[in-house]
Amino acid sequence: MESIGDRITKARRYLGMNQKELCEKAEINEATLSRYENGLREPKAATLSKLAEILEVSTDYLLGITDIRNYKTLKDDMNKNVESIYENTKEMLKQDGLMLYGKPATKEDIDHILKAMKVGMLMALEKDND
């Protein structure tokens, strides 16, 4: 399992930031950051929160509770995936020959199915984002 220091280092490098830049933004000295990254000390809650904000990750990520770096990114990705699934399904349903209860599906039938699908997907997203 990665330590807080390992995760600080990984997030800092991911952003292409050196220790000095992070220290300036977090208003801590380089020796302190070095101790964090080498696992010799752990940051206090306020410092951890500040580091997470600067590194664009969650405190849960730095603490090792989750491997998801950033919940905003995850939420954006989920929204994009829902839209993509919806658009692909919409195209499939518009193809000729779709049957519903043994009869050709009307444009109105397809619209109702798509509306119900979209509502369901949005409800699932809201639940996941709570």
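**View 1. Helices α1 and α4 run side by side in this predicted model.**
Let's start with two helices that pack together: α1, residues 4–14, and α4, residues 45–55. Their axes come within 10 Å and cross at roughly 25 degrees. Angles under 35 degrees count as roughly parallel, so α1 is roughly parallel to α4. As for handedness, α1 passes α4 in a left-handed crossing. Which residues of α1 meet α4? Look for I4, I8, A11 and R12 on the α1 side, and for L48, L51 and L55 on the α4 side. The residues of this contact divide into six nonpolar, no polar and one charged.

**View 2. Several residues of helix α1 are buried.**
Stay with α1 for a moment and pick out its buried residues: I4, G5, R7, I8, T9, A11 and R12. What covers them? The cover includes α2 (19–26), α3, α4 and α5. Just after α1 you will find G16, which takes a positive phi of about 70 degrees.

**View 3. R7 pairs with both E2 and D67.**
Side chains of opposite charge can pair when their charged atoms come close. Here, E2 forms a salt bridge with R7, and their closest N and O atoms are 3.3 Å apart. R7 has a second salt bridge, with D67, where the closest N and O atoms are 2.6 Å apart. D67 sits in the loop between α5 (59–63) and α6 (71–93), while R7 belongs to helix α1, so this pair ties together parts that are 60 residues apart in sequence. Are the residues in this view buried or exposed? R7 counts as buried because its relative accessibility is 4%. D67, at 62% relative accessibility, counts as exposed. E2 counts as partly exposed, with 26% relative accessibility.

**View 4. E37 and R12 form a salt bridge between two helices.**
In this close-up, E37 forms a salt bridge with R12, and the closest N and O atoms of the pair are 2.7 Å apart. E37 lies in helix α3 (residues 30–37) and R12 in helix α1, so the pair ties together parts that are 25 residues apart in sequence. Both E37 and R12 are buried. Turning back to the previous view, salt bridges that share partners join E2, R7, K10 and D67 into one network. How many salt bridges does the structure hold? There are six.

**View 5. P43 is a buried loop residue.**
Next, find P43 in the loop between α3 and α4. With a relative accessible area of 12%, P43 is buried. What does P43 touch, leaving aside its neighbours within four places in sequence? P43 is in contact with I4, I8, Y36, L48 and L51. P43 and L33 are 10 residues apart along the chain, and their C-alpha atoms are separated by 8.8 Å.

**View 6. Helices α2 and α3 cross at roughly 110 degrees.**
Two packed helices are described by the angle between their axes and the distance between the axes. For α2 and α3, the axes come within 9 Å. With a crossing angle of roughly 110 degrees, α2 and α3 are therefore roughly perpendicular to each other. Their crossing is right-handed. From α2, the contact is made by Q19, K20, L22 and C23, and from α3 by E30, L33, S34 and E37. By class, the contact of α2 with α3 has three nonpolar, two polar and three charged residues.

**View 7. E27 and E56 take positive phi values.**
Most residues other than glycine have a negative phi, and most peptide bonds are trans. With that in mind, look at E27: its phi is positive, about 60 degrees, although E27 is not a glycine. E27 lies in the loop between α2 and α3, and E27 is exposed, with a relative accessible area of 66%. Now move to the loop between α4 and α5, where E56 is found. The phi of E56 is also positive, near 60 degrees, again in a residue other than glycine.

Key:
Residues numbered from 1 in each chain as written. Predicted model: local features only at pLDDT ≥ 70, side-chain atom pairs only at ≥ 80, totals over all residues. Heavy atoms only, no water. Axes fitted to C-alpha atoms, helices over the stretch in contact; angles between N-to-C directions. Helix = DSSP H or I, 4+ residues; strand = E, 2+ residues; numbered from the N terminus. Parallel < 35°, antiparallel > 145°, perpendicular 65-115°, else oblique. Left-handed = near helix turned anticlockwise from the far one by under 90°. Contact = heavy atoms within 4.5 Å. Nonpolar A, V, L, I, M, F, W, Y, C, P; charged D, E, K, R; others polar. Salt bridge = Lys/Arg side-chain N within 4 Å of Asp/Glu carboxyl O. Buried < 20%, exposed > 50% of the residue type's maximum accessible area, 1.4 Å probe, protein only.
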